[in-house]
Amino acid sequence: MSHPPHTPDGAAPDPAESHRANLPLPPPEPVDPDLGPELAPGERPESQAPVLLAIALGGGLGAVIRYGATVLWPTPAGAFPWTILAVNVVGCAAMGVLMALLTEVWPKAPRLARPFLGTGVLGGFTTFSTYAVDVQTLFDGGSPGRALGTLALTVAAALAAVAGASWLTRSAVRLGRAEGSPA
């Protein structure tokens with residue numbers, strides 16, 4: 001009668017663990033292209049100052065645009081924060097379009113395009129911190145229904161916007177390529 005092998009502590013091995021041990025490891029994650037190429041041993045990284053400056057300038061521009069939206073379409077106290085919802089949904093849709101274009105159409109875009117436009121402009125434009133404050137303000141102001149509506153609708157709409165815009169952009173690019181368009 002044969003006995004199953006045991007671990008050094010005398011316990012029988014977990015069959016799930018031994019199965020996972022036989023699976024191949026996933027490939028290593030690529031280096032973020034915004035941070036430059038992978039470094040050779042002993043090589044010094046290039047300065048991140050240009051990336052930080054691009055993010056800062058883009059973030060300032062995005063925040064100014066968002067502020068303009070809240071000035072043009074202010075939300076009265078206690079009302080549903082439609083402007084911030086719209087800003088976050090539009091920003092997420094723009095991020096979906098941007099990332100699809102950068103990966104499908106312009107993979108060799110300038111190194112600072114993604115930090116400036118994505119992290120900077122769109123990061124400064126969207127405002128999930130204001131969204132959180134709006135939810136708390138609605139709860140504190142005795143409008144839990146509006147607060148929960150804001151909480152759920154913003155997340156659902158933002159995720160749908162980024163996924164939908166990315167999918168539509170990729171589909172349009174592929175359709176253009178199939179029809180012989182230079183895109």
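Okay, a definition to start: when I say contact, I mean heavy atoms within 4.5 Å. Helices here are DSSP runs of H or I, at least four residues long, numbered from the N terminus.

A word on what we're looking at. This is a predicted model, so local features need pLDDT of at least 70 and side-chain atom pairs count only at pLDDT 80 or more, while totals for chains, interfaces and linings use all residues. Residues are numbered from 1 along each chain as its sequence is written, and side-chain values use heavy atoms, with hydrogens and water left out.

Let's take helix α2, residues 49–72. It has 24 residues, and the distance from its first C-alpha to its last is 35 Å, close to the 34 Å expected. That expectation is 1.5 Å times one less than the number of residues. Which residues of α2 are buried? They are V51, A54, G58, G59, G62 and A69, and by buried I mean under 20% relative accessible area, with exposed over 50% and partly exposed in between, using a 1.4 Å probe and protein chains only. Those buried residues pack against α3 and α4, the latter being 113–125.

Now α6, residues 144–178. With 35 residues at 1.5 Å each, α6 should span 51 Å, and its end C-alpha atoms sit 50 Å apart, so that agrees. Its buried residues are A147, T150, T154, A157, A158, A161, A165, S166, T169, V173 and G176. Just after α6 ends, G180 takes a positive phi of about 90°.

Over to α3, where N88 lies. Is N88 buried or exposed? Buried, with a relative accessible area of 0%. Its side chain reaches the backbone nitrogen of T127 at 2.7 Å. Setting aside neighbours within four places in sequence, N88 touches T126, T127, F128, Y131 and T154.

Last bit: salt bridges, meaning a side-chain nitrogen of Lys or Arg within 4 Å of a carboxyl oxygen of Asp or Glu. How many are there? By that rule, three. R170 pairs with E104, closest N and O atoms 2.9 Å apart, and that links α6 to α3 across 66 residues. E104 itself counts as buried, at 18% relative accessibility. R174 also bridges to E104, at 3.6 Å, with the two 70 residues apart; R174 is partly exposed at 47%. Then E104 meets R177 at 3.7 Å, N to O. E104 is in α3 and R177 in α6, so this pair ties together parts 73 residues apart in sequence. R177 is partly exposed too, at 39%. Through shared partners, E104, R170, R174 and R177 form one network.

Conventions. A polar contact is a pair of N or O atoms within 3.5 Å; within protein, one must be able to donate a hydrogen and the other to accept it, and residues adjacent in sequence count only if both atoms are side-chain atoms.
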